[in-house]
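Trainee: I would like to go through the cavities here. Please tie each term to its cut-offs.

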Amino acid sequence: MNVVWLRNDLRTLDNPALYHACQAGPTLVVAIVTPGQWREHDDAAAKVGLWLSRLAVVAKELLSLNIPFKLLHLDRYCDAPNALVDLCSEHDAATLWYNHEYPLNEQRRDQAVNELCQSKSIAVNAYHGDVVMAPGSVLTQSNDIYKVFTPFSRAWRKQLTENDLKVLPVPRKQKSMAVYSDEVPSTLSGWDLSFREDLWPVETSVIHKRLDTFVAKRAAAYQEHRDYPAINGTSILSPYLAIGALSVRQCLYALRQKHEDALETTWATELIWREFYRHLIAAFPHLSRSENFKPTYRAIRWESDDSVFKAWCQGQTGYPIVDAAMKQLVSTGWMHNRLRMVTASFLTKLLMVDWRKGEAFFMQHLVDGDYASNNGGWQWAASTGADAVPYFRIFNPYNQSQKFDASGQFIRKFLPELKGLTDKDIHQPSVSQCEACSYPKPIVDYKFARERAKDRFDAAMKK
């Protein structure tokens, strides 16, 4: 008997651990609910709800393949080694199979599992199902980890082979055996697991159709449309990648079926950014400890006024594009990527709030919360990360708003109190207009805040 441990790889198609285990013989699948660990990791309740709903679908698919499914209810990762070894012993399983995860706590958990399995003569087979290129496999000519994205992406593309993009099929149906499927709960004590099911359906056929539709109808215009939040120009597949309902390999394979230059497209580049952040998080443990990638900026003097952070969280900063984006996040569990950059830059540069506060708030609300990508994105915006935006490059929220939401369509959707303003005024309402619309005045002056940020970063570099 083989035991496959599902984590953030909730799919039966292109799942290396599941596929190879089933090829090796009779297989049982297990997943583990760890609410205590999820809280510690700031996982959004909406993401947990999506994960559980998707897991229920996968459990049914496994049942149709005569693959038993077991759900373990633990609290933290430290409880996993004994529970998994006990499960293997109970079912006389000789091998445990899983797909790697790369943040530090996950690596430590897996190491503890591996060591206990080894002591009990249980073999472990692990695969890199969450990436195309395994962390540590794309190196500079001096065998170092890339810390700059562009050369990484060149090397990544150069190393790619046809075999790397081979999508593994769904495992064949097992011979009839004692098949069962544990029930996946739709509730957890102390958690509001509601998420926008209208936005993020979990059925496999619907997810695959979304991928195919994007690739066929919108991927060609992705570079042109992706920065405009009022346009349906992005893939909106990130929640499915975050929980592994889709693999990156599936996405690139689908892209190649429709586009000859698939690997050179802007969307492919975004997927390579995802790989880049995974390579970094696997190689540099201090990233998982919420430390600056660049130690130079440890001396930055952040503001300690919680009122400005609270205003940012609530979408009450007086900067319409920022507030509309934050309202989108809180109400839908998702935020347009251009606006993630705008809101992160606003918090870390114009409000001078420590990026770690914003990073945690995003994780607590994002249905597509992904530790490596979220950490990488926040450190990019805060200029503390690998290949980050230079510290003196500070987004002007007014310019960003006028450029990417010129008609104010996005702002009006999430800030209806401003819908009566003209397309020109909606980006930067006057004080009297703010009062008339019951909308807050700007909590900080842009020119002052910009100079303050430059001064603070300059000072940190000199220490």
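Trainee: Which residues line the second largest cavity?

Mentor: Ser345, Lys349, Trp380, Ala381, Val389, Arg393 and Phe395 do. The model is predicted: local features need pLDDT of at least 70, side-chain atom pairs pLDDT 80 or more, while totals for chains, interfaces and linings use all residues. Residues are numbered from 1 along each chain as its sequence is written, and side-chain values use heavy atoms, without hydrogens and water.

Trainee: Why is this called a cavity?

Mentor: Because on a 1 Å grid over the protein atoms alone, a 1.4 Å probe fits at its points but cannot get out. Lining residues have an atom within 4 Å of a point. The space in the second largest cavity is about 40 Å³.

Trainee: Which elements give two or more residues to that lining?

Mentor: Helix H14 (337-350) and H16 give two or more to the lining of the second largest cavity. A helix is a DSSP run of H or I, at least four residues, numbered from the N terminus.

Trainee: What makes a lining residue charged?

Mentor: Asp, Glu, Lys and Arg count as charged. The lining of the second largest cavity has two charged residues, four nonpolar and one polar.

Trainee: How many cavities of 30 Å³ or more does the search find?

Mentor: The whole structure has three. A volume is the space filled by probe spheres set on the points, joined across faces, edges and corners.

Trainee: Which helix gives the most to the lining of the largest cavity?

Mentor: H16, with four residues. That lining has seven nonpolar, four polar and no charged residues.

Definitions and conventions: On a 1 Å grid over the protein atoms alone, a cavity is a set of points where a 1.4 Å probe fits but cannot get out, and a pocket is an open set with protein on both sides within 12 Å along at least five of seven lines; lining residues have an atom within 4 Å of a point.
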